[in-house]
Amino acid sequence: MSRILLEVEGLSTHFMTRNGVLKAVNDVSFTLHEGEIIGLVGESGSGKSVTGFSILGLVDPPGKIVAGSVRLQGRELIGMSEPDLRAVRGREISMVFQDPSTTLNPVLSIGTQMRLALEAHETLSRQAADARCIDVLNKVGIPDAARRLGYFPHQFSGGMRQRVAIAIALLNHPKLIICDEPTTALDVSIQAQILLQMKTLAQDFGTAMIWISHDLSTVSSVASQLLVMYAGRIIESGPVRDLLRVPDHPYTRGLLNSLPDHASPGQPLVQIPGQMPSLIGLGAECAFVSRCNQSDALCQTSPALRSKGARRVRCHHPVAGDWQ
Amino acid sequence: MLLAQAPIMTDRPLLRVSKASKQFAPALSFGDHIAGWLGQEVDQRIVHAVDGVSLDLHRGEVLGLVGESGCGKSTLGRMMAGIYPPSQGTVQLDGVPVMGAGKKPLKTTTRIQMVFQDPFASLDPRVRIGETIGEGPLVHGLVDPANVGAYVAQWLETVGLPAEAADRFPHQFSGGQRQRVAIARALAMQPDVLICDEPVASLDVSIQAQIINLFLTLKQTLNLTMLFISHDLGVIRHMTDRVAVMYLGRIVESGPTLQVYDHPQHPYTRALLDSIPRLVTEGDELVVFKAIEGELPSPLAPPAGCHFHLRCPFVQERCKTVVPDFSDHPSLPLSGRHVACYFPIS
């Protein structure tokens, strides 16, 4: 196994709202190796995006990282000064967001935006900077890159804009890219192109990725490890193949079974009743208890994360036995 | 199995779209107007959203309309719902146009109702949902003022909400519950046809399954006729009897859903089906998908001939100039399949 790149331990991010403390991320721990792609899945409000933002220190009030540690190659990022964090962002860890039409500046040409991203971290001649930009644009599959440097974001289609955003993320050869729903705003045919490209890029550059998505099938097409989040906590994790073929948490199982692919057409889908509880004032019980068909008296206490080999599950009644 | 499931078809479709097209022309700027008066050529950018589409919806069937964003599926849905008048062609319900004539035509029927994608935008935030649901039936005399409370309660229960919900405002509901309210509002008008534009796209997977199950139940208990618009091929496969695949304003293929999915004949349908990452529970590969080359051309300047020829692996000279005909009018019963391609996959 390659070396450890990122260690997240006991990360908790809370939002101090008028109605009380909202525990968006609650005691999240995981380890990411160099060049590894890890998938972070969950429904909206499960805390997956806030986890991504917390790693980069991009949490604004009323949000606050209240506990935990994030170590990049042994260096602690939580509590790091803003100038130091800036040197990390975009250079060692970069991010690709969901909607490329809001993340690119509409009044600057993409060449200017790319040069700004380069100049933030090093001093380069104009020619050298342009050469670097053209090189990454070619790598993400934008033809005629030299001419396109003068284009503005509105002159690109949605798929092409997302490629530009990915190119900017790759510019400084980061060790880690956090991708927050990068293909959700795109059409399926474009999504397929981007998925294949990202996978190749990750291999070529040896870049590790955290791929955040609500869509189990897209995540599973790129990631080797999967973390499933529910109500701010990781409730199950493990190698993608194992986890999806034999999910151990009732929530993961319910989620997989509720996909239309898993039922014959016209038949009722297996549904998870109810909805996710409010993250304000979560009680001591398991957060999934009200929707779970396995629950009993034991579930009134929050289960600890238990492990079995590479798998972890947070449940008193996992499907398979032998858990420690 | 499919024939056993299929509802009994009468010869005449309930809702018929005949060679309907819709263009959108952005308003000209002041400068362009002056240039026009002075006899100059003004370059007006016209969006060809829907291009000569013919489609039948039979009583009791659920028809799926699938395609990527910008292919015109929502515009076609809105023409069928009587929201947009077609630029050319007609939309008829039982032989009567769904919109009146004139410069600003209005919908002439309440028998077609619509459910929209975003239940956060489609409900008035300042109106109690009981009033939202009851207003239409009251105005159109489907219920008298004395009984409107009970009437609303009945529809709320039909969609799985408690009767007390009538006194609440939209913000007091979650996304899935709001979509139930939107469905109740449409059903309270006792429509013959329900047009659903991406009704589950904005919902989380576990909530999506709840709403899909609600539609399946309603379809059986109320014998609903539905047009189900979605970009999600999995949802369409699960929900519909028949499917029409759209590409850049035209229908490229239609037929019974399972037949189209199992044996797509149009190269675009096949490419679209292949491009969705699908979880496989057996074998070595966990997720299978293939990418389609290229991007959707702009509807401002659609290519000549077959709209798909720029991305098609089987393209020939003829495809680049002559539009493949989608047979004259798909008035055939459910078993009929249509493909707008010179070289369909056999």
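Predicted model: local features only at pLDDT ≥ 70, side-chain atom pairs only at ≥ 80, totals over all residues.

Reply: Strand β7 covers residues 193-197 of chain B and runs parallel to β6(B), to which it is joined by four bridges. Both strands belong to an open sheet of chain B with seven strands, ordered β6-β7-β8-β3-β9-β10-β13, in which the pairing is mixed. The edges are taken by β6 (112-115) and β13 (338-339) of chain B; each has a single partner strand, so one side of each is left without a neighbour in the sheet. In general, strands of a sheet pair through backbone hydrogen bonds, either parallel or antiparallel.

Chain A is divided into domain 1 (4-81 + 176-194 + 202-313) and domain 2 (101-173). Seven residues from domain 1 of chain A and nine residues from domain 2 of chain A take part in the contact. The C-alpha centres of these two domains lie 31 Å apart. Between them an area of about 730 Å² is buried, with 76% of this given by carbon and sulfur atoms. On the side of domain 1 of chain A, the residues that lose the most area to domain 2 are A:I177, A:I194 and A:F205, together 64% of what that side buries. The count of salt bridges between the two domains is zero, while two residue pairs are in polar contact across the interface. Helix α8 (residues 188-205) of chain A gives the most to the domain 1 side, with four residues. By class, that side has six nonpolar, one polar and no charged residues.

Notes. Residues numbered from 1 in each chain as written. Chains lettered and ligands numbered in written order. Heavy atoms only, no water. Domains from an automatic or database assignment. Contact = heavy atoms within 4.5 Å. Buried area = accessible area lost by both parts, 1.4 Å probe. Salt bridge = Lys/Arg side-chain N within 4 Å of Asp/Glu carboxyl O. Polar contact = N/O pair within 3.5 Å; in protein donor to acceptor, adjacent residues only side chain to side chain. Helix = DSSP H or I, 4+ residues; strand = E, 2+ residues; numbered from the N terminus. Nonpolar A, V, L, I, M, F, W, Y, C, P; charged D, E, K, R; others polar. Pairing = 2+ DSSP bridges.
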